[in-house]
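Welcome, and thanks for taking a look at this one. Below is a short briefing to read alongside the structure.

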Amino acid sequence: MRYTGLILIAGVVLAAVLVAGCSTEPAATETPATLTVGVVASMTGPASTTGKDMWQSAQLAADEINAKGGVFVKSLGKNMTVRLVQGDDESTREGGQKAVTRMITDDRVDVLVGGFSSAVVTAHQSIVAENGVPYIITGASSPTITRRTDINTSMMFHHCPTTDDYGEKTTLFVDETVRPAVNEKFGFPPGRPLRLAVVYQDSPYGKGVLSAVNETITTHGLDIELVASEAFKMGETDFRTILTSVKAKKPDVIYPAAFLNEQVPMMTQARRDVGLDTIFLAVECNDDPDYYKGLGQYGDSSVIESRFSPYAIPKGPIAAKVTAYRNGYSARFGGFPGMMGASTYEGVYVAVAAAEKAGSTARAELASALSTIAVPEMVESMEGGVISFANPFRESRSNLYMEQLRWDAGLQELRPVIVWPAELMESPFTLPAWYRPGSG
Amino acid sequence: MTLDPGTLLQILFWGLYAGCIYILLATGVNLIFGVMKTVNFAHGELLMIGAYVTWSLFVLTGVNPYLLLVATVPVLLALGVAVERLAFRPVLGSNKLNEIFLSIGLIYLFQNGAALLWGDDYQSLRSPFEAISVPIADFRLPLDYLIIIGVTVAVLVGLQLLLRRTRLGLALRATSQNRKAAMLSGIDVERMDMLAFGLGAALAGAAGTLWAVSGQVFDPYMGSVPAIKAFAIVILGGLGSIPGAILGGLFYGLAESTATYTLGGAWKDAISFVLLIIVLVIRPTGLFGERGE
């Protein structure tokens, strides 16, 4: 019995040494088995509808990639799985800064994907730049994102049309399609300028849209008169007075640069309360199932610029991939994905393609690979059929189209039809019976 | 800038509508402050919960959301009583900082609780009267806004009757005027605290119902801005003064609306605080501060 205690102690010590040895030795030679992708998304706060769409789409992409064996990294000579880390920016600048700092320093992500709201992304870009992390930005549309010169943006890649891109396309659509339709229907002279009003979020995004509209009118010499440009604060929910002010300027068309939680009450209040019987346009970030549901009949005949729609699939080579993505998303999460989800889904695939191309997960090598990458288009139609950042500002180039929303009495919900450009058109743009030019 | 009478009337109406929401919120803040001498920074979250309670009941029952005020107000009253009893009472009188941090903590508790219960996504509900409008001058005012104004007036009249014509109201006013004297005359001041907090929360709940039914969206994080404005209105009208809160709320709503029209939407929040600063410089106690206190 005297020795029993000693034997027990020796046994415990031996076991401890063996366990410690077992647990530490392999770790010393272990190589990272994952490509860690940080997803910056607004999981809470006003933009959480969009944020969840982005996160879930990223999850879907990662699962698809991992189901196919992951990503082959040449330098390691083996396949790695994709591991996602969620960074909730809380729909605020400060939240975004906290999220990216944590992902970079604690989670040691190899690459960042996502980022919604130009104001939020702009606020955390400097942290990303200082730490030299490649960042595929899929949801912030201010052109300054990769063009700003106050920080080093060379490792940032913009996979999202800028306000310049869609502001220009939307204004061209108004000039080519809406203006002639208004003039013809109401017997106005063909040269009558269309009266356009812009109601914009007081942020880089909103100001970017306003600037693009002005620039397009001037550059292309369009017969469009900007009769009102009214700003509102981000997150605003009461637009009645602003819309009354706009109504007094008698616009033919109103172009809001707003997020989903702003656009829906704005259009509802315009039609219901203020009596603005006019055509509303919308920026692509609103192309989300919640938009169609939230607007109800007040969205009838409104127009939204898009590059991915939950309910419209443009003709062309990507139709099958769009259907597969929508069905995959629907099967896993219920409902359909929105546009920000689509670009984030692609963003994860692009990050993986960069790791394969670089043959490494080193941040600098990933960034280098991204700058010359050419990934075949997936669920969004791209110029040249590829996702590429091979231009001075590392911006991918999407093919954009316009959809008109129409009330489906059977579904009791709005559904879109593509009305522009001609090569993708499903149905021509129409002015509804209740429309009044110079509504006021 | 030309302003036709129809447009002017519309602008004033939107201001009046916004003022109604602010009045209900600010009156609740003032009632709580008047009796308990504490500021509930989470008051905007009670408005948010009121909106969600109405929305939930509407989704479950399909009953006219205005009628749901009858259910929402008691739910919020009960919540207010519970918050006072469980959270404020233990720290009341200990240290003002404790009370401040407690109510700031409640903001996060309510926001996260609402997000957990109802989700982060914004919600909205449709009034059954949204297609009905009333011609006023040369514009058609949706019936909903007249109902909202009417409901606000009815709630305020009810509150005045409670405070002026009942023994309970007398006890509340006595506690508000001199807590020690009220205690010495046999009034259960802790019960008055509970009642004041409950009534304040109920008023915020009513504001939440009207917010939702007017076509504004709401999410778990929407309470902060209305709350800040309610505090500004309370300071503008005079701490503890209910007439001050009513006039301050109206003044704020109209100022916001006219500033938005004349200066632009970016000025909507700023102009109210500019006015507040001006009023405080001229009259540091607020419009009704001395009388109310």
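Predicted model: local features only at pLDDT ≥ 70, side-chain atom pairs only at ≥ 80, totals over all residues.

**Two domains in chain A**

- Chain A splits into domain 1, made of 34–161 + 317–388, and domain 2, made of 164–306 + 409–424.
- Between the C-alpha centres of domain 1 and domain 2 of chain A there are 29 Å.
- Where the two domains of chain A meet, 19 residues of domain 1 are in contact with 19 residues of domain 2.
- On the domain 1 side of that meeting, α2 (48–67), α4 (118–131) and α12 (339–358) of chain A are the elements that give two or more residues.
- Sorted by class, this side of domain 1 of chain A holds 8 nonpolar, 10 polar and 1 charged residues.

**The sheet of chain A**

- An open sheet of 7 strands runs in the order β8-β7-β9-β10-β11-β14-β15 (chain A), with mixed pairing.
- Which strands stand at the edges? They are β8 (224–232) and β15 (413–420) of chain A; each has a single partner strand, so one side of each is left without a neighbour in the sheet.
- From one strand to the next, the twist averages 25°.
- Strands β10 (residues 279–282) and β11 (residues 303–306) of chain A run parallel and are joined by 2 bridges.
- Within β11(A), the residue opposite A:A282 is A:I304.
- Helix α8 (residues 240–248) of chain A packs on the sheet and touches β7 (194–201), β8 and β9 (253–257) of chain A, while its direction makes about 165° with that of β8(A).
- Helix α9 (residues 260–274) of chain A also packs on the sheet, where it touches β7, β9 and β10 of chain A; the angle between its direction and that of β10(A) is about 175°.

**Backbone details worth a look in chain A**

- The peptide bond that joins A:W420 and A:P421 is cis, with omega about 5°.
- A:K250 is not a glycine, yet has a positive phi of about 55°. This residue sits in the loop between α8 and β9 of chain A.
- Is A:K250 buried, exposed or partly exposed? There are 16 other C-beta atoms within 10 Å, so A:K250 is partly exposed.
- A:Q412 is another residue other than glycine with a positive phi, here near 60°. Its place is the loop between β14 (401–408) and β15 of chain A.
- A:Q412 counts as exposed because it has 10 C-beta neighbours inside 10 Å.

- Look for A:D288 in the loop between β10 and α10 (289–295) of chain A.
- Is A:D288 buried or exposed? It has 25 C-beta neighbours inside 10 Å, and therefore counts as buried.
- Leaving out residues up to four places away in sequence, A:D288 touches A:T49, A:T50, A:D53, A:L260, A:P310, A:G338 and A:M339.
- A:Y329 is 41 residues from A:D288 along the chain, and their C-alpha atoms are separated by 13 Å.

**Chain B: a hairpin and a helix**

- Strands β1 (residues 133–136) and β2 (residues 139–142) of chain B pair in the antiparallel sense over 4 bridges.
- B:V134 has B:L141 as its bridge partner in β2(B).
- There are 2 residues between the strands in the hairpin of β1(B) and β2(B), where B:A137 takes a positive phi near 50°.
- Helix α10(B) has 22 residues and reaches 30 Å from its first C-alpha to its last, close to the 32 Å expected at 1.5 Å a residue.
- After α10(B) comes B:G264, with a positive phi near 110°.

**Where chain B meets chain A**

- The contact between the chains involves 27 residues of chain B and 29 residues of chain A.
- On the chain B side, α1 (5–36), β2, α10 (242–263) and α11 (268–282) each supply at least two residues.
- Which element gives the most to the side of chain B that touches chain A? That is α1(B), with 5 residues.
- By class, the residues on this side of chain B are 11 nonpolar, 9 polar and 7 charged.

How values were computed: Residues numbered from 1 in each chain as written. Chains lettered and ligands numbered in written order. Domains from an automatic or database assignment. Contact = placed C-beta atoms within 7 Å. Nonpolar A, V, L, I, M, F, W, Y, C, P; charged D, E, K, R; others polar. Pairing = 2+ DSSP bridges. Axes fitted to C-alpha atoms, helices over the stretch in contact; angles between N-to-C directions. Buried ≥ 20, exposed ≤ 12 C-beta atoms within 10 Å, placed from the backbone. Expected span 1.5 Å × (residues − 1).
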